[in-house]
Amino acid sequence: MWARAVPYEEFGRLRREEPVAWSPEAGGGFWSVTRYADIVAASRDVATFSSSRGVSFEDPTDEDMAARRTIIDTDPPEHTKMRKIVASTFSQRAVAVYEHFIAALTEEVLDRIPAGGTFDFVDAVAKEVPIRVLAQVMGLPADDLDLFIDLGDRLIANTDPDITDVVWGRDDTDAYRRFPFRSPYGKRLWDLGRQVVKDKLRAPGDDLLSRLLRAEVDGDRLSETDLDNFFSILVVAGNETTRIAIAQGVLAFCQHPEQWERLRADPALLDAATDEVNRWSCPTHFMRRTAAADTTLGGAHIRAGDKVVLWYVSGNRDEAEFERPGVFDVGRNPNRHLSFGRGGPHLCLGVHLARLEVRVALAALARRVSRFELAGEPRRIRSNFTNGLKALPVRVIP
């Protein structure tokens, strides 16, 4: 189930006519929640709308979930306990320490792009910065960064045959059901993570992984399974979402050049532009919840056990929350977008780091580029979960 482009018109129709709509599918169905207010309400009510059965369309068994459960697949109090372990590393104050590193890295990457020439922005820029920032934060080995990128791509785009040879929904993936994203590459990422952990145990540092190995909450330390799954979700989420936002942001400026001129003319718009890029790009399209009890949402009667899909990508275009939501506006204020979640405990851990990376990238590009031009057709990842781009051919005018 996917679309060649985000079906914004269909989401708009659902918001108007059936904001919580039942979508039948083989073996069951799910509720699509498309209105901003309902998404926030469900996000806050974690007792009714649980994450413990996973956040995708799958139907994992208890054993599957026990093997691959990450922090996003938990409810309080377990979620709260796990979040405490890493929350300080991703606080706004802690993340600010990396600003000079991110700025220098971004300039280094941009120095390599051809002035006035045509190149793939995803490959040359968008994928280069986030993984190296993540390596600095987590303490990942520099020699393995390309492998981390490749494995992350195969996991997050596990429905795209151009990216992975084991396609969820097409191939029999039952043998991999206890690995991240139901993929054999999830096991490879675990194995790679275990080797990194061994190295950290021998020579610990002040990076996130070293702190995870030392961390205790309520007297407990992370188990090997916890470490496996923390490692996989940090590598995938910490790299892919920011890459998507940066690439989709540049695509937006290609399509709306007047907004790029506006930002370059007024650097005071940088914070607002960062928020608008994140709203517009919406790197993660949805998160799924499961109803823990019979309930009502948006006029729909939901039964215990039903899947409930929160479509952030629709909420980010809700006319009841955003003035002219279909307009890309770098001065938009207020902008309480849903791209990192909103309401309840599941706000993205890396929100401050992701926002900083996008902000630094926009600032650096604004100093260097007078305009962007599309030099070919952008290619989307075959996915309804992310808004990723496989390629973005552009020409930049210095």
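Analyst: Two strands pair if DSSP finds at least two bridges between them; strands (E, at least two residues) and helices (H or I, at least four) are DSSP runs, numbered from the N terminus. This is a predicted model, in which local features need pLDDT of at least 70 and side-chain atom pairs count only at pLDDT 80 or more, while totals for chains, interfaces and linings use all residues. Residues are numbered from 1 along each chain as its sequence is written, and side-chain values use heavy atoms, leaving out hydrogens and water.

User: Which are the edge strands of the open sheet of three strands?

Analyst: This sheet is antiparallel, with the order β4-β12-β9. An edge strand pairs on one side only, and this applies to β4 (118-120) and β9 (371-374).

User: In the open sheet of five strands, which strands stand at the edges?

Analyst: The order is β1-β2-β8-β5-β3, and the pairing is mixed. Two strands have a single partner each, so one side of each lacks a neighbour in the sheet: β1 (20-25) and β3.

User: At about what angle does the direction of helix α2 stand to that of β8?

Analyst: Helix α2 (residues 36-44) packs on this sheet and touches β1, β2 (28-33), β3 and β8. Angles run from 0 to 180 degrees between N-to-C directions, and axes are lines fitted to C-alpha atoms, for helices over the stretch in contact. For α2 and β8 the angle is about 125 degrees.

User: Are the two faces of β5 buried or exposed?

Analyst: Buried means under 20% relative accessible area, exposed over 50%, and partly exposed in between (1.4 Å probe, protein chains only). On one side of β5 lie Phe286, Arg288 and Thr290, and on the other Met287, Arg289 and Ala291. These residues on both faces are all buried.

User: Which residue of β8 is the bridge partner of Phe286?

Analyst: β5 (residues 286-291) pairs with β8 (residues 307-311) in the antiparallel sense over five bridges. β5 also pairs with β3 (residues 49-50) over two bridges, where Ser50 is partnered with Thr290. In β8, Arg289 is bridged to Val308, and Phe286 to Trp311.

User: How are α10 and α12 oriented to each other?

Analyst: Helix α10 (residues 184-202) packs on α12 at an angle of about 110 degrees, with the axes 9 Å apart. Angles under 35 degrees count as roughly parallel, over 145 as roughly antiparallel, 65 to 115 as roughly perpendicular and the rest as oblique. The pair α10 and α12 is therefore roughly perpendicular.

User: Within what distance do the axes of α12 and α14 come?

Analyst: Contact means heavy atoms within 4.5 Å. Ala245, Gln248, Gly249, Ala252 and Phe253 in α12 meet Val277, Asn278, Trp280 and Ser281 in α14. The axes of α12 and α14 (residues 270-281) cross at roughly 95 degrees and come within 9 Å.
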